[in-house]
Amino acid sequence: MACASARAESLQVLHWWKSVSERRAVDLIALRLAESDIGWRDSMIPSGSGAGAGIVLRSRMLAKDAPEVAQVNGIVIRDWARLDLLLDLDAVAAAGKWDKQLLPTVADAIKSDGHVYAAPLGVHRMNTMFYNRKLLARLNLAVPETWAQFEQAAARLHQAGVVPLAQSSEPWQVTTLFEALVLSEGAEFHRDLFQRRNAAAYADPRLAAALQRLRGLKKWMGSPIVERSWDEGVRELADGRAAFMVMGDWAKGELVSRGLTVEEGFGCAAAPGTASYHLYNIDTLGMLATREPHRMAQEKLAALIMSPAVQNDYNQIKGSIPVLRNPALAKMDVCARASWKLFNSGPEALVPSLVHRMATEEVVRDAIVAEVHRYFLDDNAGVADTQRRLAAIARTFTKTK
């Protein structure tokens with residue numbers, strides 16, 4: 001386990017990586033950092049999507065007790081940079097030629113007002129559907145490409161005593177599934193809802209269809225649908241108690257950590273209706289502008305993260321893909337290669353995740369997640385009323401460029 005070091009210099013790192021595979025990925029970076037005689041002091045705040053870690057980080061900033069490094073993803077980078085809370089990493093990026101090394105979308109995501117403010121670790125695909133190969137083979141079921149096909153497979157699985165869809169009632173996990181359902185209605189529609197917050201999109205029948213399908217899928221999730229961590233859902237899939245799970249591809253890292261392989265134990269596909277799209281999240285570390293004496297160590301960590309060796313090894317453990325234009329494709333499994341090729345195929349395929357702060361401001365994200373969760377839990381909540389409530393959220397918050 002990554003822990004405090006007795007070395008002359010160390011960096012405290014606040015993050016939310018808790019599962020077995022996530023810890024192994026963290027430990028890899030900590031060990032490589034130790035080779036530069038810099039310690040990694042771990043500050044892990046378990047919170048799934050990072051909501052709890054964000055609250056702790058803000059509280060520590062106000063108390064003038066901030067860590068030297070923190071996981072800050074998506075639009076949070078811009079917001080914190082504009083408050084002068086993050087160190088710019090322009091010198092590190094220039095020395096490492098990040099502009100030539102990084103995939104363009106990643107390069108844009110770590111910048112604010114033309115300056116680099118975060119070190120990118122890896123890219124996750126959110127609209128991934130994992131499945132238990134042995135279960136599908138035993139029942140002679142094909143991997144569904146549409147939600148109608150999923151319903152047919154789910155009925156067979158249910159009849160055989162298998163939970164068709166592993167799912168938690170935790171807010172961010174519910175909205176992760178909802179995002180995939182929205183994406184199956186079209187990438188531009190997803191962008192209209194969550195990036196542009198186009199008022200007309202919230203009255204669109206496609207939003208009603210996604211909400212209705214979310215509720216309809218509940219019958220395939222087992223009973224009761226409890227709030228649990230995402231890795232518990234992975235365990236259910238791995239043990240053969242559930243057949244499918246829609247989750248970011250960190251689930252792949254966890255499946256591998258449990259001894260399964262993509263060739264035999266599990267498979268990965270796009271969530272039905274989303275094969276042409278990469279709903280993405282980019283994991284990043286920001287260097288907090290709190291203690292100037294630590295800048296050199298912070299910059300060494302940023303440079304280390306972008307080294308090809310760390311990129312390839314870290315992402316292989318984590319389940320994500322490297323942020324590099326020329327990664328070691330031969331080291332990737334079939335799931336990772338497909339994800340990287342799609343992410344590198346052009347902007348029309350790329351859709352930033354709402355849940356993971358890539359699409360919109362955090363306050364808007366939090367309000368939408370809460371509303372979708374309310375609808376999911378309450379079967380008496382109306383579809384049209386939920387559409388109106390989501391539209392009100394979109395109207396209430398003014399977009400910040």
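Colleague: Which residues of α3 are buried?

Modeller: In this predicted model, the buried residues of α3 are Ile75, Val76, Ile77, Arg78, Trp80 and Ala81. That makes α3 a mostly covered helix, with 6 of its 8 residues buried. The term rests on a cut-off, since a residue counts as buried when its relative accessible area is under 20%.

Colleague: What does the backbone do just after α3?

Modeller: The general idea comes before the case. Most residues other than glycine have a negative phi. Just after α3, Asp84 takes a positive phi of about 60 degrees.

Colleague: Where is Lys97 found, and what is its phi?

Modeller: Lys97 lies in the loop between α4 (90-95) and α5 (98-101). Its phi is near 55 degrees, a positive value in a residue other than glycine. With 48% relative accessibility, Lys97 is classed as partly exposed.

Colleague: Is Arg357 buried or exposed?

Modeller: Arg357 is buried, because its relative accessible area is 4%. This residue sits in the loop between β12 (350-352) and α17. Arg357 also has a positive phi, near 70 degrees.

Colleague: How many residues of domain 1 are in contact with domain 2?

Modeller: On the domain 1 side there are 33 such residues, and they contact 29 residues of domain 2. The area buried between the two domains is about 2500 Å², with 54% of it on carbon and sulfur atoms.

Colleague: How many residue pairs are in polar contact across the interface?

Modeller: The rule finds 10 residue pairs in polar contact between domain 1 and domain 2, both residues of a pair being at pLDDT 80 or more. On the domain 1 side, the elements that each supply at least two residues are α1 (20-34), α2 (51-62), α3 (75-82), β6 (119-125), α15 (308-318) and α16 (334-343). Of these, α16 gives the most, with 6 residues. By type, the residues on this side comprise 15 nonpolar, 11 polar and 7 charged.

Colleague: How many salt bridges are counted between the two domains?

Modeller: The count between domain 1 and domain 2 is 1 salt bridge. The side chains of Asp333 and Lys252 form a salt bridge at 3.2 Å, N to O.

Colleague: What is the count of salt bridges by this rule?

Modeller: The count comes to 24 salt bridges. The cut-off to keep in mind is a side-chain nitrogen of Lys or Arg within 4 Å of a carboxyl oxygen of Asp or Glu.

Colleague: What is the N to O distance between Arg206 and Asp204, and how is each residue classed?

Modeller: Their side chains meet in a salt bridge at 3.0 Å, N to O. Arg206 counts as partly exposed because its relative accessibility is 34%, whereas Asp204 counts as buried at 17%.

Colleague: How is the pair Asp239 and Arg241 to be read?

Modeller: The side chains of Asp239 and Arg241 form a salt bridge at 3.4 Å, N to O. Asp239 is partly exposed, with a relative accessible area of 46%. Arg241 is partly exposed at 44% relative accessibility.

Colleague: Which residues are linked in a network of salt bridges?

Modeller: Such a network links Glu188, Arg191, Asp192 and Arg196.

Technical notes:
Residues are numbered from 1 along each chain as its sequence is written. Side-chain values use heavy atoms; hydrogens and water are left out. Contact means heavy atoms within 4.5 Å. Buried area is the accessible area (1.4 Å probe) that two parts lose on being put together, summed over both. A polar contact is a pair of N or O atoms within 3.5 Å; within protein, one must be able to donate a hydrogen and the other to accept it, and residues adjacent in sequence count only if both atoms are side-chain atoms. Helices (H or I, at least four residues) and strands (E, at least two) are DSSP runs, numbered from the N terminus. Ala, Val, Leu, Ile, Met, Phe, Trp, Tyr, Cys and Pro count as nonpolar, Asp, Glu, Lys and Arg as charged, and the others, Gly among them, as polar. Buried means under 20% relative accessible area, exposed over 50%, partly exposed in between (1.4 Å probe, protein chains only).
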